[in-house]
Amino acid sequence: MSTSDTIEDGEVQELLKTTGTDLRQYSAQIEKEFKEVENRSIEDYIAQSQNIANLHNQIGTTSNILERMEAGLMEIQSALNNISTEITTLQKKSVSMSVQLTNRQSIRAQLSQFIEDMAVPEEMIQTIMEVPVTEKEFLTHLMELNHKLNLMKELNFKESKSSQDISEVLFKLKIKAMSKLRVYCMEQIYKFRKPMTNYQIPQNAMLKFKFFFEFILSNERGVAQDICNEYIDTMGKIYYSYFKSYSTRLAALKFEEAVSKDDLMGLEDTVTRSIFSKTSSLKNKSTVFSIGDRGDVLNQQLEAPIIVPHAQQKTRYPYESLFRSEQYALVDNACREYLFVTEFFIVRGPQAQELFNQIMGKTMTMLIKNLETYVQDCYDTIALFLCIQLCLRYQLMCHKRCVPALDKYWDNLQAVIWPRFEQVFRMNIQSIQECDPTKFPKETGPHYITRRYAEFSAAIVGISENFPNELVSHLLLELQEEVKCFMLRMAAIFTTRKEQLIYLINNYDLVLGVLMERTRDNSKEAEAFRELLSTRSSEYVEEILAPHLGGIIQYVKDCEQLLEREQTDEFKRQERRSLQLVASFSVNWKKSLEELNREVFLSFPSLVTGSQLLQLALAQLVQYYHKFYKLLTPSARAQLVNIHVIMIEIKKYKSNY
């Protein structure tokens, strides 16, 4: 028995206990009630029988309709399945057709291009055969022909049968085009040979149709080599002839009297004219060592028009001006030629260099030999150095124009000039070493050898500022040391120290003045002579103050030593001596100032130098006077001239120089 049945029985028992009803009686009552309900249900069923029959019929009808609908839906589902299959099939066919279309379009384009490339139009044949090569139409069809020839070479390499159909036609067209192009190129080259021809015109014409040579080169290298050889031969002869004639005419414009071995720096000057005189010739030796306007070839004249010999028959030039004109003409022509051959003949690197050398080699060799001829007898150091600097500047100019072809040429020129430059430089140094000071006049003014050195050193330093060179610096230092020794040897011929100092100061001042005017103030040469001048100036001031202020100077030095040694008693015993010095100074100080002024300005030609030395001497005088004043006793100071009085007098000698 389940738990629920137990509970229901329990409830029934509980109900019976509470009501006090008999179970059998209760069961009969329930049964009676069930019977009544059943009877009523049967009556209801009988009453609704017609409706139930109608409902049964309707249910049957509905079932039939649903069966038919199910059958229709199954047919639709089957149709949809068929449609999906057809769509999938159509999609596959569409993709396949799209791929086929793409492939056909691709092959059509390639076939169309191939057919077009393989076909030889009648218009092209007629143009190649009849139209002049300078016509634009000919150039257009020539490019097309070149394309077809390259394609045919490729097809022949692949052993294509289609190329055989047009090979004969293309070959004949190539022969015809090659013949016309060769004739045209040769005609342009022959134009160079006509006298007075401006060869830039035919060159420009050739560059306009540079594809002609490219066509020949890609199809017939033998013909291309013939054209190139003809151009090399023609232009090589033209350049050689031009520069040979130009060099000969330029040589006639040199100064009539060249610098010789008698024009070295240390040799005796026999020229009586002023060193500042202007001449049309280099026979004045001062122009050998001074730069003047000659340095303009490196600046304003570097890219100036070349000298035209027939228009300058009466004008004479230093060698470096002629060298500049000749080299600038070479730079101008060589750069243009190099750029032309690289563009027209389609060469680069070593091939371009070799082709350029074949054209310009003979000309450059001639120019180098001409330079060797001049250099072997040249004693003009400045001209040689200017030529070296011109080589460096023109080499840089060629690089700016993207033309490296002349590098070896510039190196060869410098290899010719440098040894001679060093040799002549050392000859000048040796001439100063060997000169005898006793042969020169005994004068305290600037020596002409000093002036030569100053001008020459300033020229070399100024020229080499942009392209410094270790050898040049070493040679300048050697020359400077020899000139210093020469100045000391010259100073030794004077008997008094004061004359020696005057001589040295005048010469140092001359060198320093020229160097500061022509070069940078901080050059090594200027610093060296500035230091020498300062040392000798201080010594000279002491020397000229001695006759006028010697007693006071010595008294100051002695007393300072006594005080330093703490010898007070001995210092006090100097009072009598100091009174004598005070008395003497008070009487003679104005006269001493006048004599100092006169002596200084008579000894130095340069008013500026004389004024500076005088001011230095007066400043030294005031300094010693101050020291002397501090060492005096109060009684002695009372007798001494007031310092303000002396300063007022000194101001009278202040110069405006």
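Buried here means under 20% relative accessible area, exposed means over 50%, and partly exposed is what lies in between (1.4 Å probe, protein chains only). Helices (H or I, at least four residues) and strands (E, at least two) are DSSP runs, numbered from the N terminus. This is a predicted model, in which local features need pLDDT of at least 70 and side-chain atom pairs count only at pLDDT 80 or more, while totals for chains, interfaces and linings use all residues. Residues are numbered from 1 along each chain as its sequence is written, and side-chain values use heavy atoms, with hydrogens and water left out.

View 1. Of its 657 residues, 40% count as buried. Take the contacts (heavy atoms within 4.5 Å) between residues at least 6 apart in sequence: 77% of them join residues at least 24 apart. The accessible surface comes to about 38100 Å², and carbon and sulfur atoms hold 53% of that; the areas come from the Shrake-Rupley method with a 1.4 Å probe, and for residues only the protein chains shown count as cover.

**View 2. Helix α23 (residues 643-651) has a buried side.** Ile646, Glu649 and Ile650 are the buried residues to look for here. They cover an arc of only 100 degrees around the axis, so they sit on the same side of α23; the arc is that of the directions from the helix axis to the C-beta atoms. What covers these buried residues includes α20 (575-603) and α21 (607-631).

**View 3. Asn642 caps the N-terminal end of α23.** One of its side-chain oxygens lies 2.8 Å from the backbone nitrogen of His644. That pair can be read against the cut-off for a polar contact, which is a pair of N or O atoms within 3.5 Å; within protein, one must be able to donate a hydrogen and the other to accept it, and residues adjacent in sequence count only if both atoms are side-chain atoms. Asn642 itself belongs to the loop between α22 (634-639) and α23, and it is partly exposed at a relative accessible area of 42%. Tyr629 is 13 residues away along the chain, with 9.8 Å between its C-alpha atom and that of Asn642.

**View 4. Helix α6 (residues 167-191) holds Gln188 and Lys174.** Leaving aside neighbours within four places in sequence, Lys174 is in contact with Leu145, Leu149, Phe215, Asn219 and Glu220. With residues up to four places away again not counted, Gln188 touches Pro202, Ala205 and Met206.

**View 5. Ile346 has a positive phi without being a glycine.** Most residues other than glycine have a negative phi. For Ile346 the value is about 55 degrees. Look for Ile346 in the loop between α11 (319-344) and α12 (349-375), where it is partly exposed with a relative accessible area of 41%.

**View 6. Cys402 also has a positive phi, and it is not a glycine.** Here phi is about 60 degrees. Cys402 is in the loop between α13 (381-400) and α14, and at 59% relative accessibility it counts as exposed.

**View 7. The structure holds zero disulfides.** A disulfide is a covalent bond between the sulfur atoms of two cysteines; the cut-off used here is a pair of cysteine sulfur atoms within 2.5 Å. Two other cysteines to click on are Cys228, which counts as buried at 11% relative accessibility, and Cys485, which is partly exposed with a relative accessible area of 37%.

**View 8. Pro441 lies in a loop between α14 (407-434) and α15 (448-463).** Its relative accessible area is 47%, so Pro441 is partly exposed. Met490 is 49 residues away along the chain, and the two C-alpha atoms are separated by 10.0 Å.

**View 9. Residues 66-93 carry the UniProt annotation "coiled-coil region", from an unreviewed entry.** UniProt positions are given in the numbering used here, feature names are shortened, and annotations may be inferred rather than shown by experiment. In the model, this span is 100% helix and 0% strand. Its end C-alpha atoms lie 40 Å apart.
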